[in-house]
Amino acid sequence: MISGLLLACLLFSGPGFSQELTDVAAEKQQGYQPLRAALHVHSQFSDGDYGITELASFAHRDRIDVLGVTDSFLTRVRYGIGPLRKLVSRSQLRPGVLDQGIENYLASADEAHNQFKDVIVLPGLEAAPSYYWLGTPGTDLRLYDFDHHILIFGLSDPRAIANLPVIENATWSNTNRDWTLLFGTVLTLSAGLAAAVLARRILRVAGLLVIALMLLWTYDAWPFGSLSDPYSRKQDRHAIQHLLDYVTNHGGMAFWSYPEARFPDIKEGGATMVSRPQPEILGLTENYRGFEGIYGENVKITSPGNLWDQILLDYIHGGRKTWPSVITGIDFHSLQGKGGWHELNRGQTLLWAKNKDTSSVLDALSHGRGYASFDQDAEHQLDLEDFAIRSRAGVAISGETVTADGNVAFSARIRWSGASRSQPAASVQIDVVRDGELLEHRDVPLPADILRTDTFEKGRHYYRLRVKSGASEILSNPVFCEVPGG
């Protein structure tokens, strides 16, 4: 091991370089503490096997700091026959937060935290913004896009939650009025009333029938606007973006769930729900906080130069206002005794937070301050720290940006946690990615340090890291630097 003093001499020997590399990691120097979070967890408020308090007890047992509960907000699909598609329809509904009670959901999360105060219980939601139908009922009716889900954290106002603009939850306030439809209903209803009151008997009967039909039409058309048309035969990106913008505007954070997941098609109720990976949606939407980058599948979009890097490059070059971070999604429903993704303490998101409280956790999530990870063995966890860029102006860790005059030092420390335990002898593969390109690849035993200096041109730049050892993996969020004048 090279001493901190020697490293300081090697890396910061230039005039004015005051940010010394010491044995204390950059994250801890800045007052952050590591919190391990289990995100994308289902309870009995949707289709999970356990109550939120019982889930908190599991988290307490497994020394998990943050329990991100993301029960389904509304799980309903409907196929209707025109012109009264809502009235003349068949629908299927599974339990969700909206029908079980938003206030009950939030109160249950508070109660779980009160019983297990060492666990931050973060009540979130899983929502499907839209879906669409293809085919013909009775022959080849197919449902698309219902498995494209968005995880939501940070919404605490029950009214904002109840008004989420997702398909089958259209309200007066979350839709735009189709005034022609509204005026048509009013005029036809007025004509029916006039006929019923003023005309002769036969016309009065006809007027009453018109009134009855208009009342049915009014109910079917309410709220005289739609969030998405499931019969459009195509994906509704506007509806997706509407939900992302709504969540952000109300102080929440949206994460794309499982962008490359390959689920089997499901046949139920005379229709087939078609599942297909559509990672390109990440590049076609804005204003989301991130996506699940580790979730037990062979994820390709996080490989060097692939879609994630393309989006990050678009961000640093000014084409996007925000950049997407990565989290680990476990989609936990029950303990099945099989290990792996059926355990809360395997797939986790490491968050660097100022304090162990809800606001600090949300702050870490909102800034992408941390990394996604999965551990093959709960007794041996991969740890990443001192993942930082140092310059004469300061230091930045994951999710942060440091200003530089062009000369920077990049560092990272990778360890097996628990120094007193016997540690795996297998080597790990470390990929260092800089501005979308694979900068270096190492195949080394742990512990390992990465230390390098670089000179950047004007503009914004970033590093990110990927570490793999068998099934264990770390995928860091990027750390940025900016050289003014670009």
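**Figure 1. Overview of the protein chain.** Residues 24 or more positions apart account for 72% of the contacts in the protein chain with a separation of 6 or more. The model shown is a predicted one. Its protein chain contains 12 helices and 25 strands. Of the 486 residues in the chain, 52% count as buried. The chain exposes about 21,500 Å², and carbon and sulfur atoms supply 53% of this area.

**Figure 2. The largest nonpolar core, with 65 residues**. In soluble globular proteins, nonpolar side chains tend to be buried together. Within the core of this view, Leu164 and Trp256 are the residues with the most contacts. Helix α11, which spans residues 307–316, gives the most to this core, namely 6 residues. Another core lies apart from it and has 34 residues; among them are Val408, Ile450, Tyr463 and Val483.

**Figure 3. The surroundings of Leu164.** Neighbours within four places in sequence are left aside in this view. The contacts of Leu164 then include Phe73, Leu125, Ile152, Leu155 and Asn169. Leu164 is also in contact with Asn174, Leu243, Tyr246 and Val247.

**Figure 4. Pro123 in strand β5**. Strand β5 covers residues 120–127, and Pro123 has its place there. Is Pro123 buried, partly exposed or exposed? The relative accessible area of Pro123 is 22%, so this residue counts as partly exposed; buried would mean under 20%. When residues up to four places away in sequence are not counted, Pro123 touches Val69, Tyr105, Leu106 and Ala109. Pro123 and Ala109 are 14 residues apart in sequence, and their C-alpha atoms are 6.2 Å apart in space.

**Figure 5. An open sheet of 4 strands**. The strands follow the order β17-β16-β19-β22, and their pairing is antiparallel. Which strands form the edges of the sheet? The edge strands are β17 (395–397) and β22 (448–455), each of which pairs on one side only. On average, neighbouring strands of this sheet are turned by 20° against each other, with direction ignored. Strands of a sheet pair through backbone hydrogen bonds, either parallel or antiparallel.

**Figure 6. The pairing of strands β16 and β17**. Strand β16 comprises residues 382–390 and pairs with β17 in the antiparallel sense over 3 bridges. In this view, Arg390 stands opposite Val395, a residue in β17. Strand β17 is one of the edge strands of the sheet.

Notes:
Residues are numbered from 1 along each chain as its sequence is written. This is a predicted model: local features need pLDDT of at least 70, side-chain atom pairs count only at pLDDT 80 or more; totals for chains, interfaces and linings use all residues. Side-chain values use heavy atoms; hydrogens and water are left out. A nonpolar core is a set of buried Ala, Val, Leu, Ile, Met, Phe, Trp, Tyr and Cys residues joined through side-chain atoms within 4.5 Å. Buried means under 20% relative accessible area, exposed over 50%, partly exposed in between (1.4 Å probe, protein chains only). Helices (H or I, at least four residues) and strands (E, at least two) are DSSP runs, numbered from the N terminus. Contact means heavy atoms within 4.5 Å. Accessible areas come from the Shrake-Rupley method with a 1.4 Å probe; for residues, only the protein chains shown count as cover. Two strands pair if DSSP finds at least two bridges between them. Axes are lines fitted to C-alpha atoms, for helices over the stretch in contact, and angles run from 0 to 180 degrees between N-to-C directions.
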